[in-house]
Amino acid sequence: MKDAKLMNEKEPINLALAVVFDTERKKILITKRKKQAHVTGLIWCFPGGKINYDDNLEVLLEEKIMEKLGLKVASLGSIFAETHSKNSEKLFSIYYLCEFIGGGEKLGDEFEEVKWVSPEEIEKYFDSALHPALKEYLIGLK
């Protein structure tokens with residue numbers, strides 16, 4: 001029998017997020033949301049979306065980036081995972097390093113701005129929402 005506390009808890013929202021890196025320009029893609037994200041105060045974010053247990057995560061992420069932003073990327077694998085517990089939402093996020101291959105940027109319904117920034121600039125846009133280990137990894141991208 002399940003613990004009563006567990007029965008009342010919401011299931012976490014599972015996310016796959018793309019750290020899209022342009023190897024020629026040495027820049028990372030970030031997006032500015034139109035609406036509030038699941039994490040309060042998070043305006044700039046990495047693109048991605050919700051995932052389900054049976055999804056092929058890398059293929060799904062590549063498709064979501066094409067659909068939402070018009071960019072072709074190739075996933076190079078997962079680089080970081082973390083859990084968040086903000087407000088009443090519980091989130092599980094898996095970050096994938098994706099190489100930018102091509103395509104023309106388009107703003108979908110979710111985003112009002114797209115920006116390419118250097119790894120060193122990333123913390124200007126991400127405050128407490130950017131985990132220190134992930135920040136260190138991003139700064140190391142060359």
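Modeller: Buried means under 20% relative accessible area, exposed means over 50%, and partly exposed lies in between. Keep in mind that this is a predicted model.

Biologist: Lys-135 has 26% relative accessibility, so is it buried, partly exposed or exposed?

Modeller: Buried needs a value under 20%, and exposed needs one over 50%. Lys-135 has 26% relative accessibility. The class for Lys-135 is therefore partly exposed.

Biologist: Which side chain does Lys-135 meet in a salt bridge?

Modeller: A salt bridge needs a Lys or Arg nitrogen within 4 Å of an Asp or Glu oxygen. Here the N to O distance is 2.8 Å. The partner of Lys-135 is Glu-123.

Biologist: How many residues apart are the two members of that pair?

Modeller: Glu-123 is in helix α3, residues 122–125. Lys-135 is in helix α4, residues 132–139. The pair links distant parts of the chain, and its members are apart by twelve residues.

Biologist: Glu-121 and Lys-124 also form a salt bridge. Which class does Lys-124 fall in, buried or exposed?

Modeller: The closest N and O atoms of this pair are 3.9 Å apart. Glu-121 is partly exposed at 21%. Lys-124 has a relative accessible area of 64%, and the cut-off is over 50%, so Lys-124 is exposed.

Biologist: How many salt bridges does the structure hold?

Modeller: One of them joins Lys-115 and Glu-113, at 3.8 Å from N to O. Lys-115 is partly exposed at 25%, and Glu-113 is partly exposed at 30%. The count for the structure is five.

Biologist: Now the cysteines. How many disulfides does a search of the whole structure find?

Modeller: Cys-45 is buried at 7% relative accessibility. Cys-98 is buried too, at 1%. A disulfide needs two cysteine sulfur atoms within 2.5 Å. The number found is zero.

Biologist: On to the strands. Which residue in the turn between β1 and β2 has a positive phi?

Modeller: Strands β1 (residues 13–22) and β2 (residues 27–33) run antiparallel, joined by two bridges. They form a hairpin with four residues between them. The positive phi, about 60°, belongs to Lys-26.

Key. Residues numbered from 1 in each chain as written. Predicted model: local features only at pLDDT ≥ 70, side-chain atom pairs only at ≥ 80, totals over all residues. Heavy atoms only, no water. Buried < 20%, exposed > 50% of the residue type's maximum accessible area, 1.4 Å probe, protein only. Pairing = 2+ DSSP bridges.
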